[in-house]
Amino acid sequence: MPHRIRVALIGLFFFSFSSHHPPTPPPATALTAEYISSYTWPAPTPKTGGFSALEVSGDGQEFTAISDLGLIATGQLHRKDGLISGVTATQLKLKNTENGKLSPFNSDAEGLAIRDDGCIYVSFERYHRIWTYNRPDGQAAWIPRHPDFGKMDVNGGMEALAIGPDGALYTMAEGSSNRTTPFTVYRYRNGTWTTPFSIPRIGTFLPVGADFGPDGKLYLLERKLRSVFGFETRVRRFTISGDMIADEVTLLTTPAGTHDNLEGLSVWRDAQGDIRLTMVSDNNLNALQRTEFVEYRIKD
């Protein structure tokens, strides 16, 4: 998380101490996501939390998440009447390319994508890179770095990571050169990085999570911190066709303080045939924040 947000959170912590429960999200309208529920996961250990990315199974029952401490969590989302009612998980420390421990500087895992065959992709900040794992406890392997990765801000790296229907890997930095410059999208396919298109930057929201849904569309999770008023969340959806991006739709924009610091997004289809957006918050391992699983549905 960027230093400017950490500083602003000092005020937010004091505000949220007396306002732990978020306000009710606004009702859905046409072409927007409908709020379903939120579940706060009580931390079973002091190192549970700090989750920056999320993948949920196609039936919504299992999940994988990664944390700022370089941990990977795998577990179950227990449900009652389709709503999350409990969470159980185990955590492992991600390994480096020599099958050893990650150093503290190299542990800031931010993006996650899992291929259909189980191959895991993880993007890291500070030393900006993407590693792959054949299993959660496996040894890391390199994905070649694009030259731009070394130019990204230390705390402004690749938090959004997703695998497209074509099997290509898509990512972008958490930020651009200014408030009007679009977000460059990097695509890794057949061993080569390209920059086929960019995503318009609207306001001060920054990309922190991404996923391709079962409809083949790209969903982008964005976040904005409004000082002591808390975080705002936005989800946009796009159609990707070759080197073109189109059909931008804003599905969700929440008022400040509606949810905690949502950073991870997974998109799947529920038993009723609706697209489900499942998100998880990064509590920064701070007692005054919470690890929150939040779900919305799309009925269009």
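**Exercise 1.** Work out how the side chains of Glu 34 and Arg 297 meet, and which parts of the chain the pair links.

*Solution.* Start with the contact: Glu 34 and Arg 297 form a salt bridge, 3.6 Å from N to O. (That term means a side-chain nitrogen of Lys or Arg within 4 Å of a carboxyl oxygen of Asp or Glu.) This is a predicted model, where local features need pLDDT of at least 70 and side-chain atom pairs count only at pLDDT 80 or more, while totals for chains, interfaces and linings use all residues. Residues are numbered from 1 along each chain as its sequence is written, and side-chain values use heavy atoms, leaving out hydrogens and water.

Next, find the partners on the chain. Glu 34 belongs to strand β1 (residues 34–40) and Arg 297 to strand β20 (residues 292–298), 263 residues apart. Strands here are DSSP runs of E, at least two residues, numbered from the N terminus.

Glu 34 is partly exposed at 30% relative accessible area, whereas Arg 297 is buried at 19%. (Buried is under 20%, exposed over 50%, partly exposed in between, with a 1.4 Å probe and protein chains only.)

**Exercise 2.** Look at the pairs Glu 174 with Arg 223 and Arg 276 with Glu 295: are these residues buried or exposed?

*Solution.* Take Glu 174 and Arg 223 to begin with: their closest N and O atoms are 2.6 Å apart. Glu 174 sits in the loop between β11 (169–172) and β12 (183–189), and Arg 223 in strand β15 (residues 218–225). Glu 174 is buried, at 4%, and Arg 223 is buried too, at 2%.

Then move to Arg 276 and Glu 295, with closest N and O atoms 3.1 Å apart. This pair joins strand β19 (residues 275–281) to strand β20. Arg 276 is buried at 4%, and Glu 295 is buried at 0%.

To finish, go back to Glu 34: shared partners join Glu 34, Asp 274, Arg 297 and Lys 299 into one salt-bridge network.

**Exercise 3.** Find out which elements give two or more residues to the lining of the largest cavity.

*Solution.* First, the volume: about 50 Å³. (A cavity is a set of points on a 1 Å grid over the protein atoms alone where a 1.4 Å probe fits but cannot get out; lining residues have an atom within 4 Å of a point. Points are joined across faces, edges and corners, and the volume is the space filled by probe spheres set on them.)

Second, list some lining residues, including Leu 54, Leu 112, Glu 159 and Gly 209. The elements asked for are β2 (51–56), β10 (160–163), β14 (206–212) and β18 (262–269).

Definitions and conventions
Helix = DSSP H or I, 4+ residues; strand = E, 2+ residues; numbered from the N terminus. 1 Å grid on protein atoms, 1.4 Å probe; cavity = no way out; pocket = protein on both sides within 12 Å on 5 of 7 lines; lining within 4 Å.
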